[in-house]
Amino acid sequence: VAWNWSLDGLRDCIATGIQSVRDCDTTAVVSVACLLVLFVWYCYHVGREPPRPYATVNSLMQGTDAAGLQNGYAYCQSPECVRCAHNEGLNQKLYYNLQEYAKRYSWSGMGRIHKGIREQGRYLSSRPSIQKPEVFFLPDLPTTPYFPRDAQKHDVELLERNFQTILCEFETLYKAFSNCSLPQGWKMNSTPSGEWVTFYLVNQGVCVPRNCRKCPRTYRLLGSLRTCIGNNVFGNACISVLSPGTVITEHYGPTNIRIRCHLGLKTPSGCELVVGGEPQCWAEGRCLLFDDSFLHTAFHEGSAEDGPRVVFMVDLWHPNVAAAERQALDFIFAPGR
């Protein structure tokens, strides 16, 4: 009886619609058309997760600060964050994220990521002490403390061409230090001696709107980089300032899927970066590329008259991570996932 009633109701509904069209009932025709458009839109968007593009500079100028930002620095709000978690359930969480990605897109090209997640514990425990990423190790990537400039030639040349632009915006920012010890937007980092402060535009894959509004041209430049990591928790972009007498404790970065790029803005003598036991010096207007999953440190042994060492730091993809792997890693390590 219920089935017959449903068929009768459907038949009456269709007949009414046809009669309305015949009678040129404009309201009914418009209503049906709108319903069809909504149905097509719904089918298109169900199960589809759009990519996370950079926000435009204009939207940053008008928008409010993102939640979870303190003094321009994004502190993790989730105890299950894959970037900050160090527990036995991390690999299961990563594998679940990989499965979700494969269901929506494809398993094609995921062999190396699947291998890395499946054997992550073994990789991290068996790595030589010179290279021990703290969160995620992607196997079969060429390993070297420093990379040649040609590793990411386009982005290196673009950053160096815009050296004066970035330097001018830094100098405007740095004037605020004459009024207070730590201006809004800057983060003080722990060091055994001296002072190390950073000004983040992108912190762990999350833009810092207030800071980006203060450096609009530098932020816009990030959107022109081809290999900038901007959509996952391993991506950062900031201005890093070391005061004279500062030493940064030796430490490992979280992953080997990226290379860290330092564009020298102010590089007095007596400053060095040591990665994997190999020292290098910065140069103003030039980029220095290194793998921060190697044990590394930096120091500024110059005098107060020399002024601070300043670099613009941005995380780029390791050149041997394929495009399909980048897309999957952006999904697996998306901020907040």
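A salt bridge here is a side-chain nitrogen of Lys or Arg within 4 Å of a carboxyl oxygen of Asp or Glu. Searching the whole structure turns up eleven salt bridges. This is a predicted model, where local features need pLDDT of at least 70 and side-chain atom pairs count only at pLDDT 80 or more, while totals for chains, interfaces and linings use all residues. Residues are numbered from 1 along each chain as its sequence is written, and side-chain values use heavy atoms, with hydrogens and water left out.

**View 1. The whole chain.**
The protein chain holds eleven helices and 14 strands; helices (H or I, at least four residues) and strands (E, at least two) are DSSP runs, numbered from the N terminus. Of its 337 residues, 45% count as buried. Buried means under 20% relative accessible area, exposed means over 50%, and partly exposed is in between (1.4 Å probe, protein chains only). Now for contacts, meaning heavy atoms within 4.5 Å: of those between residues at least 6 apart in sequence, 76% join residues at least 24 apart.

Look at helix H7, which covers residues 153–161. Its buried residues are Asp155, Val156, Leu158, Leu159 and Glu160.

**View 2. Arg112 meets Glu325.**
Here the side chains of Arg112 and Glu325 form a salt bridge, 2.8 Å from N to O. The pair links distant parts of the chain: Arg112 belongs to helix H5 (residues 111–118) and Glu325 to helix H11 (residues 323–332), 213 residues apart. Is Glu325 buried or exposed? Glu325 counts as buried, because its relative accessibility is 4%.

**View 3. Arg118 and Glu119.**
Zoom in on another salt bridge, this one between the side chains of Arg118 and Glu119, at 3.3 Å from N to O. Glu119 has a relative accessible area of 22%, so Glu119 is partly exposed.

In the salt bridge between Arg258 and Asp292, the closest N and O atoms are 2.5 Å apart. Arg258 sits in strand S9 and Asp292 in the loop between S12 and strand S13 (296–300), so the pair ties together parts that are 34 residues apart in sequence. Both Arg258 and Asp292 are buried. Through salt bridges that share partners, Arg258, Arg260, Asp292 and Asp315 join into one network.
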